[in-house]
Amino acid sequence: MSSKKPIFKDSFKDYFSGLLGDELNDFIESCKKPLPESIRVNKLKILPLDLKKNLESKGWVLENVPFYDSAFIVKKRPISLGNALEHFLGQFYVQEQSSMIPPLVLNPGLNDVVLDACASPGSKTTQLSEMMKNAGVIVANDLGIGRISILSANIDRMGCRNVVVSNGDGKRFGNHPNFFDKILLDAPCTGYGAIRKDWSIAKMFNPKSYKFLANIQKSLLKTCWKSLNPGGELVYSTCTLTKEENEDNVVDFLNSTPDAKIEKINLKGFEKHRGINLNEAIRIWPHRIDMEGFFIAKLVKKK
Amino acid sequence: MRYSELRKRERNKIKEMLFEDYGFSMPNEWMLYYLGKNRVWVLKEDFFNLPLDKLNVEVMGFCLCYFDFKMLRLSFNGAQIVGENANKNVLEISIKEAEELIRGFNIEKETNMGAEYLILKSPAGIIGVGKNHKTRVLCQINKNRRIRNLN
């Protein structure tokens, strides 16, 4: 944690009170609690039960993630996650539970051409690669050159062989119309869903930031959409909780894009965790479900 | 990123060295390219359907090995793939020895094997290659990848 105590500004409380009403205090309290640690098993290298058995023999205590049979919540561990030999070998990836949802929703086919438009550090890219069993192609793009080396290192460690790592603004994919079968747009955001990981995020609350980022997200959504094949699917996700960066962006996009429609996400355990006035999307509030705050919507391009 | 396909004699030499050193038969469909000096990568045919010249590609596929005509050193991924089907020059090491190596230490061990680089196989999995010094195995794990402590 980067600060000893989370500081919630009045503007932060006012904003979320507008969205949550009576639940505000529960939300604030949940933000003070650390996130449960979770790992995703890399089935390219090992089966989940084999890894579980191996780690449990070393004193780890693991609990199944209810919605994903390849992931575990770590209740007890003898060493830090990143220092485990199994981590070095790429047998697991340290990944927050809610961050595992967008690739599950995108559900790529084995021979699909997939774009991960904002890919670093690579948790979702490597998950997609594992789901595709190293077949097909994933273009994993990121804007920050410094973030590319982290992305490449994770792809290498996890043994992903179907990935092309590219560096540049995700907006340039608009120059390649009707190219990808599936797109994951895990857009850059204010990150208010990740306060439990880093309390300093709460201190930085500022309407200017989320308005600024909402505009970037809108233009990324528009340009990535151009590169999606008719009949293709785009999953839009963020790890933030403002309405402007999530539901408002999706609704604006649907209103201005005639060939786009939203598809309801049916994922076991998330039936009640719906977007604000957007029942098709998933919105994870950390006080309602013990995870990082997240938003996920699935858009389909009409044929 | 500049990439160039290996010439036929380079490809044949790699195939020959993989077979001689590890008894591994390289699949004919592997497309071998240089990405960076002496670094050989395996690319998928599908990649060439992408507008690679416009994507500003940093990395693609997986790194197989460092190669010049005198030596071949498998990468971490290369060792894992080749090691699964290798029948010689694979050194069995203990978990304790694997943990020493991933921290950057060499291990004292009689090898009795001929190859310059041995594939290191621990009960947890293949951890890459080590340089064979007959009574010692030298750690070849990239410094960025090493674990600083095991606590």
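Helices here (H or I, at least four residues) and strands (E, at least two) are DSSP runs, numbered from the N terminus. With that numbering, go to the loop of chain A between strand 5 (113-116) and helix 6 (123-131) and pick out A:Pro121. Keep in mind that this is a predicted model. Now show the backbone: the peptide bond joining A:Ser120 to A:Pro121 is cis, with omega at about 10°. Most peptide bonds are trans.

Next, the positive phi angles. Select A:Asn178, in the chain A loop that runs between strand 7 (163-167) and strand 8 (180-186). Its phi is positive, about 50°, though A:Asn178 is no glycine.

Hop over to chain B and select B:Asn112, in the loop between strand 8 (107-108) and strand 9 (117-122). Here too a non-glycine residue has a positive phi, near 50°. B:Asn112 counts as exposed because its relative accessibility is 72%, and exposed means over 50%.

Now for the inside. The largest nonpolar core has 75 residues; select A:Phe67, A:Leu185, A:Leu234, A:Val250, A:Phe270 and A:Leu299, which touch the most other members. Zoom in on A:Leu299; among the residues it touches are A:Leu221, A:Trp225, A:Phe253 and A:Ile262.

Last stop: a second, separate core of 28 residues, including B:Tyr22, B:Met26, B:Leu32 and B:Tyr117.

Technical notes
Residues numbered from 1 in each chain as written. Chains lettered and ligands numbered in written order. Predicted model: local features only at pLDDT ≥ 70, side-chain atom pairs only at ≥ 80, totals over all residues. Heavy atoms only, no water. Core = buried A, V, L, I, M, F, W, Y, C linked by side-chain atoms within 4.5 Å. Buried < 20%, exposed > 50% of the residue type's maximum accessible area, 1.4 Å probe, protein only. Contact = heavy atoms within 4.5 Å. Lists of a residue's contacts leave out its neighbours within four places in sequence.
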